[in-house]
Structure formats: structure tokens, C-alpha cells
Amino acid sequence: MKRNGSSSRFRQSITTVLYPLFFGILILVLWQTQALHAMLNIDPFVLPLPSRINSIIGESLPKIMTNVWATLIVAVAGLLLGSLFGYLIAIVATVFPKWGAGGLSIVTAFNAIPIVALAPVITNWTKDVSSDANIRSMVAKIIVVLLMCTASMSLNAYRGLTELRPFSQDLLESYAAGKFTIFRKLRLPNSVPYIFTALRVSVPLSVISALVSEYFAEYVIGVGRQIRENIVLGQYPTAWAYITVACLIGIVMYAVLIVCESILLRHRK
Amino acid sequence: MNGSQTAIKIDNVGMVYRADNQEVTALTGVSLDIEKGEFISLLGPSGCGKTTLLRIVADLLAPTSGQVLIDGSSPREARLQKKYGMVFQSPVLYEWRTVQKNIELPLELMKLSKEERAERARKMLELVGLTDFAHHYPQQLSGGMQQRVGIARALALRPEILLMDEPFSALDEFTREKLHEDLLRIWGKTNKTVLFVTHNIAEAVFLSDRVCVLSPHPGRLSAVVNIDLPRPRTMELRDTPEFTALVAKVRNSFEGV
């Protein structure tokens, strides 16, 4: 049975890793040889060649890294705080089921507000937070990401805390366990896979919303903001260097999540 | 035995559910005295209220009439004092805990020390023959093994009473017959009072001292059949005319099915 499992896992890694990798390399080759430009009728000025993008990343690495850190702090802090906030809402909804459903609907409604509308409001809110424009902007951006990441966590965690296997609550009640014990021994561990379901949505979302929130920030910093600034100035190779870096941030954060998930959930089905 | 004591006294218990202004009588006028160390089956088709009755004894439900006394105290007191261990229709093992940690779960709630928990879990695993699987996770075990862990967990509390709610209904015939023998062996060693819910006539006859036949619409106790087959009982017993006759007797005691 074990051998069977590992061979199917091997086959799975071919389809999930090798095929996309092959496809990526194919695109890269077409792009570099300008076949892509011919096919799609694009000017290499607007879509610079991979080699050019790569050399720009090499040349201005220190400046790029400063912007990467700015974006990463916003994305990660917003993700963690938003997920924590979402989980707390799920706990409240579990403890008070009568308010629960309503509360979660409000969270979902908040989630539907576009960042374009949200960002200026929050920037206005946070204008007195600090005299330093960088810190002020960062707080505003983190709040945007936080609000974006709250909904998926609260909805999924609520399911994890309340959708229990048949009889699993009866079991603890037959041991005369109280509500808190049931929470600690059953609901909490039961919600762990659901936390990861939420994070699979909110990790990419945190990167995207960090990038977009930078567009509207007072202080000019971050990968997203650099993409915009450089496109406005017609510096497409530099803009594409930042686009590449933005993709890498997303991929690395998602990979970290998948590794954590495979370690923490290794014994579960 | 002379002067045998009552472990569970079920006194005129009734249960009426109210839903959408309709009253559904799940149980009516059930009275039954169960002696210490007895193996009793509650047998009946779906809807006869057998699981309802078990849940009332376990204090997971409150009856709408009548009362239950466990060792002279209320089901609630019995539950708080952990006088019974319960085995459910599914094994109800927590998939994030190893087999050993699942058995230790009730012991954690009793605030036993780590060493004592491990020691008791070890003894229980030995009793159900799963010593080598202590550190496996439930999903690595077969259905029959999982339910044996469920039994070990119920016994780890050292309860006087074992309440079993169709524990083998999801298992295949071969596994079930093996577990019948295992259960009787464990019961013989530990002298628990067992209240066993089932819809399987042969299972009830094979295991029990007395089979309580429940009939539906409304759920009521329609007969109590003494099973005076010798113990220890083994699988071969099923092929004897005495066994077959008792199965027929139990089957004929149903009303209105």
C-alpha cells in the first residue's frame, strides 16, 4: 500500500511540477526569440525580452530589495492580522450562534468592497497615525490587506469550528466535558485543515492587495507602486523587472504555505 | 447470584418529540431493570427508539416522562462521575491523535498524570490486541481495528457500565463475528454491565444474557427474551439448533413491524 502511495505521489509531482515547468520554459523560449511578439503582434519595447528584464534585476538589486521588503511586510503583516481577526470572528460566531450567521454576512459584504474604494478611506483614517509618511502609509496598506484577508479565514474557520464529525461532540459530552474543553480538544484541532483552505485563498490575495494598495498610498514605495511609476514613465524593462519580482513574491509565499501545510497535516487524510 | 444489585433502573420512560406542532412519540412506558454485570441488548428495527433509550441512559437526552437511575443516582450524576463509557455507531476517533492519544483523551479530562495515562492506554491496547498500533493514526487502521480502539477508549475510564450504540453495524460480517468474540472475552475479563443497541437479531442473541425487543410506532418494549446459552460462547454456537431456536423466538416476539 505504501509503495502504491509513493508511486502515485511521484506521478502527481510530474503533473503538478514538471508539466507547468515545461510550459513555463516553452513560453520563456518563445518570448526570448521574439516568436511571442510576432504571434501576438507586440512591440519588444512594451514587452521587453527576458534577458533584458534579468539584467535590470541584476543591476538594481539593492533598490528592488528595498521595495520587496516594503511589499512583503505589508502582505505578511496584513495576512497574519487579517487571518487572526477572521479566526476571532469565527470563534465569536461559534460561541454566539445567533449572531454568528449575521456577523459572517457582514464580513462577506466588507470583502466585496473593491480596494480602489477602500484605500482612500483608510488613508484618510490613518493620516494622524504617525508623522512619518512611510509608517503612516504602511499602516494604511496593512489595514487594506487585513480587511481583504479576513473574510476567507472567518468563513472557513467557522466551518472548521462547527462542522464536526457525527458523535464527536457526544463523545466529549459523555465524559462530562464543558464547552471550553470541547473547544480546545475538538473544535480547535478540527479547524486546522480549514485554516489552510483559507490561507490558500488569502496568501495570493494578500500579495495582490498589497501591490494594489501601494498604488493609492501616500508614500511611494513597494513593488506594486514601482510597476505603476515605471509604466507611467515608459520604462517598461524596469516595470517588468518589478512584475517578475512580484510574481516571485507570490510564488515563494505560496510555496512556504504548501510546505507548512504538508508538514502540519501529514497525518490527516 | 444471590442478592444481585440493579445497575440500571429504567422506570416507565417515555419520550415525545415536538416538531412543527406535531408530536412524535419515540418511546412510551419502557421499564427495565438491568443487573450488575449483565449483558443486555436493545433490539429493534429503525425508528423503535432503541438509540433514543440509550441516549437517555447516557444523559445525552432527557426523557419527557419517567426516570432512569444508574446505581441509584440520576443519569446526569452518573455522567459527571464517569460511571459509563460509550461506544458509538462510528469509531469517532480524532484523526489528529494517534491511537494511544485517542485512548488517553478521556483520561486527560480526568486529569490523570502522563505516566498513568500511558500505562492505562497500554493495558487497554493489550486488551483489544492492538499493542503494535499505539503510534499509528486512525486512518491507517481498518474499520474493525478502529472500532476496537473505540472500545478500548470507553474502557480506559474503568467505567462500571458500557453503553454501545450499534457499534458493529458498519463492519463486514467476518470482522463483526470476530469482534463479537473479542467483546465477550473482554466482557468476561472486566465484569462490566453492558447495554448494547443493535438491529441484528443473531448479534443480540449471540452476545446477550437478555434481549429486550423494542417495537416501533410508538417505540415500546414488547418482549424480554432470556438467552440461556452457556458461556463462554464461540462462533460454533451459531450453528446449534438451540441458537437457531432462540433467534426464531426473538424474531416472533416483534409486534407491528
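I take a residue as buried when its relative accessible area is under 20%. Glu104(B) sits at 1%, so I put this residue down as buried. The model is a predicted one, which I keep in mind throughout.

**Entry 1: Glu104(B) and its partner.** I looked for what Glu104(B) pairs with and found a salt bridge to Arg117(B), 3.2 Å from N to O. The two come from distant parts of the chain, 13 residues apart: Glu104(B) is in helix 3 (residues 99–109) of chain B and Arg117(B) in helix 4 (residues 114–127) of chain B. Arg117(B) has 14% relative accessibility, so this end of the pair is buried as well.

**Entry 2: along helix 4 of chain B.** I then checked Glu116(B), which makes a salt bridge with Arg120(B), with the closest N and O atoms 3.9 Å apart. They are four residues apart in helix 4 of chain B, so about one helical turn separates them. Glu116(B) is partly exposed at 35%, while Arg120(B) is buried at 8%.

**Entry 3: over to chain A.** One I looked up is Arg136(A) with Glu218(A), where the closest N and O atoms are 2.6 Å apart. Arg136(A) is in helix 7 (residues 133–162) of chain A and Glu218(A) in the loop between helix 9 (179–215) and helix 10 (223–232), so the pair ties together parts 82 residues apart in sequence. Arg136(A) is buried at 16%; Glu218(A) is partly exposed at 44%.

**Entry 4: the two domains of chain B.** I have domain 1 as 6–83 + 161–252 and domain 2 as 95–158. Their centres, taken over C-alpha atoms, are 25 Å apart. The contact takes 14 residues from domain 1 of chain B and 12 residues from domain 2 of chain B. How much area is buried between them? I get about 1,100 Å², with carbon and sulfur atoms giving 78%. On the domain 1 side, Lys82(B), Leu162(B) and Ile186(B) lose the most area, together 41% of what that side buries.

**Entry 5: polar links across that interface.** The rule finds one salt bridge between the two domains of chain B. I looked at Asp182(B) and Arg148(B), whose side chains meet in a salt bridge at 3.9 Å, N to O. Two residue pairs are in polar contact between the domains. On the domain 1 side, strand 6 (161–165) and helix 6 (173–190) of chain B each supply at least two residues, and helix 6 gives the largest share, seven residues. I sorted that side into seven nonpolar, two polar and five charged residues.

Note on methods. Residues are numbered from 1 along each chain as its sequence is written. Chains are lettered from A and ligands numbered from 1 in the order in which they are written. This is a predicted model: local features need pLDDT of at least 70, side-chain atom pairs count only at pLDDT 80 or more; totals for chains, interfaces and linings use all residues. Side-chain values use heavy atoms; hydrogens and water are left out. A salt bridge is a side-chain nitrogen of Lys or Arg within 4 Å of a carboxyl oxygen of Asp or Glu. Buried means under 20% relative accessible area, exposed over 50%, partly exposed in between (1.4 Å probe, protein chains only). Domain bounds come from an automatic or database domain assignment. Contact means heavy atoms within 4.5 Å. Buried area is the accessible area (1.4 Å probe) that two parts lose on being put together, summed over both. A polar contact is a pair of N or O atoms within 3.5 Å; within protein, one must be able to donate a hydrogen and the other to accept it, and residues adjacent in sequence count only if both atoms are side-chain atoms. Ala, Val, Leu, Ile, Met, Phe, Trp, Tyr, Cys and Pro count as nonpolar, Asp, Glu, Lys and Arg as charged, and the others, Gly among them, as polar.
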